[in-house]
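Reader: I have a structure open and would like to learn how to read its features one by one. Could you walk me through it?

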Amino acid sequence: MTVIEQNIPPSGVRGLSLDILEAEAIYIMREVAGQFERPALLFSGGKDSITLVRLAQKAFAPGKIPFPLVHIDTGHNFPEATQYRDWLANEVGAKLIVRQVEDTIKAKGLTEPTGKNASRNWLQTHTLLDTIEEFEFDACIGGARRDEEKARAKERIFSFRDEFGQWDPKRQRPELWNLFNGKISKGENVRCFPISNWTELDVWSYMEREGIPLPSIYFSHQREMILRDGNLLANADFIFKDESDVIVTKTVRFRTVGDMTCTAAVESEADTIERVVAEIKATRISERGETRIDDQQTEAAMEDRKKGGYF
Amino acid sequence: MDILRFITAGSVDDGKSTLIGRLLYDTKNILADQLEAVERASKTRGDGEIDLALLTDGLRSEREQGITIDVAYKYFQTDKRKFISIDAPGHIQYTRNMVTGASNADLAIILVDARQGVIEQTRRHSLITSLLNIPHIVVAINKMDLVGYSEDRFLEIAQDYQQLAHKLGIKKLKIIPVSALAGDNIVDKSLAMPWYTGHTMLQYLESVDVLNALNLTDARFSVQYVLRPQTEDLHDYRGYAGLVQSGVFRKGDAITVFPSEQTAKIAKIEQYGQEIEEARAGMSVTILLETDVDVSRGYLLAKSDNLPVLSQDVEATICWMDDRKELKVGGKYTLQHGTTRTRCSVRGIEYRIDVNNYEQIEGIATLKLNDIAKVVLRTAQPLAYDTYQNNRATGAAILIDETSNVTVGACMLA
């Protein structure tokens, strides 16, 4: 037994929203394990995928998680998130597969976006699709939530992707009751989203209830930041800067954790999970609106990325 | 705090998206940046005021055409409850999307335009909600502002609807006069309709009973996955992971395994690795049996004192969902029921239901997209099921096309 397993608190308070959401997510996890031959859990080190790992542990307890954790590493991750990833995989005894976007760029001669706000977000899709092909994954579990973004609000829990990894929003399979249809032909795959019906607050409340340790960047800390167009970006060597960027030291926490190039921080003194939950309850700005520079670019940014194979 | 899942049925013209937008707006569930985005989009389109409907339209093509194509989910909460709103398109060509959205709803809001009253579309939406056996129906008589907030008009439509509800056997019915655009009786009581003293929409959504709608009588458990850790200390462990579809199971209960009809007793129930005393409808648990019987994914466990039907011949009301191929008598499909999949063939079509006037049309050989019909199926393996009217969880099934793998039919077993 690992430390985390011993810490799993008793659930079973009935009729409460977190219990309902947890039972539903675990049902979905088990459907993935039951319906597919080679599933994988896409792990980013962010809070949503950390939630998935806890749910997977619970779904298959007292056994181990019966699929690997896969991380597509852009090379622009927060070091705290990468360290946490390695620690967690080891802690839960799961196999960890890491593939580097850097390697895909070199092997395929991809052109990397340059200049201000350059991000490897789009390139990540290439590596993800290659990794799916390399391991012949037929299902990838992801931590997307429908409340995050309007294209995601339309997506199925079992989301079919063709052999090119593409999502076709107009030809989604009807999804009825809790009967998930994961039937596919070779080369196709399904993206599965167990926490589709969770909100940001649900995820944080669940973290708090379960006592799940989180990467330190989610809590208030001092950091050297780039102030750009009203957003606070963590300073790093690989982020392109010009004279209009101001470098400041701020007390911040991150509300979401993606690439350093496209994730903005919020100024905050919240240094415990209780204080973070209180701030999330009081906020008047949405998660992606506040922190994701990639989504601020066009009204359909996520829809376009998903059609291209992004998770 | 629990969760209420509700679907809104109606078209954009009825103010469906505006109603959801209004609920979100008046309960302060719209965040500042989301509101700004909607204000920006309203301006681009040249609308004078904020178009609350834009809050729910997700896809680029939907925004371009100003319609809802697919089911969209919105999340909000009040002090009393969390809500998942399921927004499905209303036109007849999207009947399958409405069926999809309705399949997971605890409650349906049917919108009626006060100027038009009960029309063909109202009848269609009501039929679907009753076929899908949604526990609670709310009729929102909308656009009351456009009929001078007339009580007479409201009573006239309410009476028409009650006749319709009676015909369909709808029991838990609530009728509310509203104006989604002006915000009357959505969250706040309408000052313009002092003659209406009942619940506002939100008050009603906050008060309906969700847990009582669960079937707690017929104990059914679908096996999803067999847990066999095979580690040193757990080498004899064999647990059946799955969902309690309905009813309640306790340690020591005598159960029957389907389709094999073997019997056993429950030795232990675990939830996420910890022992619990009882498992109720909606819980994901692991069941361990006292004796070794053959159980694998797709099997159904039922308490032995109350068994499901076991048969290869099944009648079903079906909604056909394939836009490329028709359902044909003699056609073969994969039927998915709970965690079971079995092949089946369509033996016959008894009748098709005209969704607008409820007439039964006989002598039908094929079904087209969005058709609703009574069919007779023959399954390759015996199916353990309950009627959909008695048990939504074990009375539902889907048909999957064997070549395209697409979900082509929603079945409510009879």
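Reader: Happy to start with charges. Which side chains does E210(A) meet in a salt bridge, and at what N to O distance?

Author: Keep in mind that this is a predicted model. A salt bridge is called when a side-chain nitrogen of Lys or Arg comes within 4 Å of a carboxyl oxygen of Asp or Glu. Here E210(A) meets K58(A), with 3.1 Å from N to O. E210(A) sits in helix α7 (residues 200–210) of chain A and K58(A) in helix α3 (residues 47–60) of chain A, so this pair ties together parts that are 152 residues apart in sequence.

Reader: Are E210(A) and K58(A) buried or exposed?

Author: Both E210(A) and K58(A) are buried. They also belong to a network of salt bridges that links D19(A), E22(A), R54(A), K58(A), R209(A) and E210(A).

Reader: Let's turn to sheets. In what order do the six strands of the open sheet in chain A come?

Author: To read a sheet, follow its strands from neighbour to neighbour. In chain A the order is β3-β2-β1-β4-β6-β5, with mixed pairing. The edge strands are β3 (96–100) and β5 (158–161) of chain A, each pairing on one side only. From one strand to the next, the twist averages 30 degrees. Strand β2 (residues 69–73) of chain A pairs with β3(A) in the parallel sense over five bridges, and L69(A) stands opposite L96(A) in β3(A).

Reader: Which strands does helix α4 of chain A touch?

Author: Helix α4 (residues 79–92) of chain A packs on the sheet against β2 and β3 of chain A, and its direction makes about 155 degrees with that of β3(A). Another helix, α3(A), lies across β1, β2 and β4 of chain A, at about 140 degrees to β1(A).

Reader: What is the strand order of the open sheet in chain B?

Author: The six strands there run β2-β3-β1-β4-β5-β6, again in a mixed sheet. β2 (72–77) and β6 (173–177) of chain B are at the edges with a single partner strand each, so one side of each has no neighbour in the sheet. The average twist is 25 degrees from one strand to the next. Strands β1 (residues 2–9) and β3 (residues 81–87) of chain B run parallel, joined by seven bridges, and L4(B) stands opposite F83(B) in β3(B).

Reader: Last one: which residues make the nonpolar surface patch of about 230 Å²?

Author: L211(B), L214(B) and L216(B) make that patch. L211(B) lies in the loop between α7 (201–207) and β7 (220–227) of chain B, and at 44% relative accessibility this leucine counts as partly exposed.

Note on methods. Residues are numbered from 1 along each chain as its sequence is written. Chains are lettered from A and ligands numbered from 1 in the order in which they are written. This is a predicted model: local features need pLDDT of at least 70, side-chain atom pairs count only at pLDDT 80 or more; totals for chains, interfaces and linings use all residues. Side-chain values use heavy atoms; hydrogens and water are left out. Patches are made of residues with over 30% relative accessible area and no salt bridge: like charges are joined within 9 Å, nonpolar side chains (Val, Leu, Ile, Met, Phe, Trp, Tyr) within 5 Å. Accessible areas come from the Shrake-Rupley method with a 1.4 Å probe; for residues, only the protein chains shown count as cover. Helices (H or I, at least four residues) and strands (E, at least two) are DSSP runs, numbered from the N terminus. Buried means under 20% relative accessible area, exposed over 50%, partly exposed in between (1.4 Å probe, protein chains only). Two strands pair if DSSP finds at least two bridges between them. Axes are lines fitted to C-alpha atoms, for helices over the stretch in contact, and angles run from 0 to 180 degrees between N-to-C directions. Contact means heavy atoms within 4.5 Å.
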